[in-house]
Amino acid sequence: METKEIETNSEKREKKPLEKVCIICAKGSLEDVYATLVMANGAVMEGIETNVFFTFFGLDGITKKSMNHLHTATTGNPAMRMPGGLPFPTMLGGLPGVETAVSSMMRKQMEELDMPPVDEFLEMITAGGGTIYACKLAVDMFKLKKEDLSDEVDSIITIGEFYELCDGDRTQIIFT
Amino acid sequence: MAVKTIAGVQVNVSDDGYLEDMNQWNKEIAKEIAKEIGIELTDKHFEVLNYLREKTSAGEALTIRKVGKSGIVDIKELYVLFPKGPLKFSSKIAGIPKPTSCV
């Protein structure tokens, strides 16, 4: 009897949709950056306020020089498969040029699914009102300047400033 | 699935309110669905809606990127026309199924 009451109560409970997401990208591999971009763009498309914070190696995803040439690891990546599904030998992954070839193949496959290159993906996110930030500490560490970063980057901010942007009780922080 | 009367026409809609049969759609239905969402339709809106319907009829999966490259609107303008739901709201108003793509 009591259980039933609780169920009825929870059914009555008002839905509280997410209002804001703050996504942190700290890694620079193809899959880490794309996970961030897909989640950020998806949030913008759902009308959710979106802040994205790139830090450490994640900065590769917003650095003009590197953003469209990201790699996926061919060594130490147990999920890596050959075309056809056979395991990808780590020894092979270590040969010069293999990682580059595999990564460009992956980018081509993503393009077929209408996943844009990184620079265009960033534009899509900001076109919908999402905001891209770079981490000040990491930018200093890698000796980068604002002009080295994509034009879609709003500003270089500290982690404290980032947390200030994460206010609101319907906000989620996602670390990819 | 449910039956709903929109603009005086009985149509089949999904649980989310998307038309089940895109052939039941007309401009008046579009206007009414748009009004529910809070959008006043202009000619530019209809250009986008017609594009979405054409692509859907052709069996193509839709993404905002594709609409952005259609020559009708860029992505920024698409967001202006359909705030907070560039693909979701436009599909709903165009009488086509809920988008299944993630970009």
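Visitor: Why is helix α5 of chain A largely enclosed by the rest of the structure?
Guide: Helices are DSSP runs of H or I with at least four residues, strands are E runs of at least two, and both are numbered from the N terminus. A residue is buried if 20 or more other C-beta atoms, placed from the backbone, lie within 10 Å of its own. Helix α5 covers residues 118–127 of chain A. It is largely enclosed because the buried residues number seven of the ten.

This is a predicted model: local features need pLDDT of at least 70, side-chain atom pairs count only at pLDDT 80 or more, and totals for chains, interfaces and linings use all residues. Residues are numbered from 1 along each chain as its sequence is written, with chains lettered from A and ligands numbered from 1 in the order written.

Visitor: Which elements do the buried residues of α5(A) pack against?
Guide: The buried set includes A:F121, A:L122 and A:I125. Two residues are in contact if their C-beta atoms, placed from the backbone, lie within 7 Å. Both chains contribute partners: α2 (30–45), β2 (49–54) and β3 (131–135) of chain A, together with α3 and α4 of chain B.

Visitor: Which residue with positive phi follows α5(A)?
Guide: The phi is near 105°. The residue is A:G129.

Visitor: How many residues of chain B are in contact with chain A?
Guide: α3 (64–68) and α4 (75–81) of chain B each supply at least two residues of the side that touches chain A. On the chain A side, twelve residues take part. For chain B the count is 13.

Conventions:
A residue is buried if 20 or more other C-beta atoms lie within 10 Å of its own, exposed if 12 or fewer, and partly exposed in between; C-beta atoms are placed from the backbone.
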